[in-house]
Amino acid sequence: MKKLLLILGLIVISISHGYTQNNGKNKEDIKAVLETQRLAWNKGDIKTYMEGYWKNDSLKFYGKSGITHGWKNTLDRYVKAYPSKNHTGELNFKINAISKITQKAYYVLGEYHLKREIGNADGIFMLVFKKINGEWKIIADTSS
């Protein structure tokens, strides 16, 4: 009986350790997507910035103007709202939390700060990331 309990205990510890390691890797991978987006934004490259989003008509972007459906419409919204480098400026994020929803989904809470010649802009966001075809993609974005 003692051997059985010891074996069960080792199995639980092993599973827990793997879960923690995987959770940490997922968070690092999500941070890497955000950093790639930040760098693209700061170059004024909105199309590369959009690579962090799910290229699907089911993508949802919730902003002060309402909801935008789909990757192409979200790209068009960004291009219209940020037509030049003066508008995109320099983006920085502050990530406040990355929390697991399911094995293949996380939400990210944070703040954004845009330093721009036309006036700085600051706000908050909540992103929902989902692992799709082995890559972390934003499937929903609420920014204000």
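**View 1. Tyr106 is buried, with 0% relative accessible area.** Buried here means under 20% relative accessible area, exposed means over 50%, and partly exposed is what falls in between (1.4 Å probe, protein chains only). This is a predicted model, in which local features need pLDDT of at least 70 and side-chain atom pairs count only at pLDDT 80 or more, while totals for chains, interfaces and linings use all residues. Residues are numbered from 1 along each chain as its sequence is written, and side-chain values use heavy atoms, with hydrogens and water left out. Trp136, at 6% relative accessibility, is buried too. The ring centres of Tyr106 and Trp136 lie 5.4 Å apart with the planes at 85°, so this pair is edge-to-face. Rings of Phe, Tyr and Trp (its six-membered ring) pair if their centres lie within 6.5 Å, with planes under 30 degrees apart called stacked, over 60 edge-to-face and the rest tilted. Tyr106 belongs to strand β4 (residues 105-115) and Trp136 to strand β6 (residues 135-143), 30 residues apart. Strands (E, at least two residues) and helices (H or I, at least four) are DSSP runs, numbered from the N terminus.

**View 2. Helix α3 (residues 71-81) has the buried residues Trp71, Thr74, Leu75 and Tyr78.** Looking down the axis of α3, you will find these buried residues within an arc of 100°, so they line one face of the helix; the arc is that of the directions from the helix axis to the C-beta atoms. A salt bridge is a side-chain nitrogen of Lys or Arg within 4 Å of a carboxyl oxygen of Asp or Glu.

**View 3. Tyr53 and Tyr78 make a tilted aromatic pair, 6.3 Å centre to centre and 55° between the planes.** Tyr53 lies in the loop between α2 (46-49) and β1 (60-63) and Tyr78 in helix α3, so the pair ties together parts that are 25 residues apart in sequence. Tyr53 is buried at 1% relative accessible area, and Tyr78 is buried at 5%.

**View 4. Lys94 and Glu111 form a salt bridge, with the closest N and O atoms 4.0 Å apart.** Lys94 is in strand β3 (residues 90-102) and Glu111 in strand β4, so the pair ties together parts 17 residues apart in sequence. Lys94 is partly exposed at 45%, as is Glu111 at 21%.
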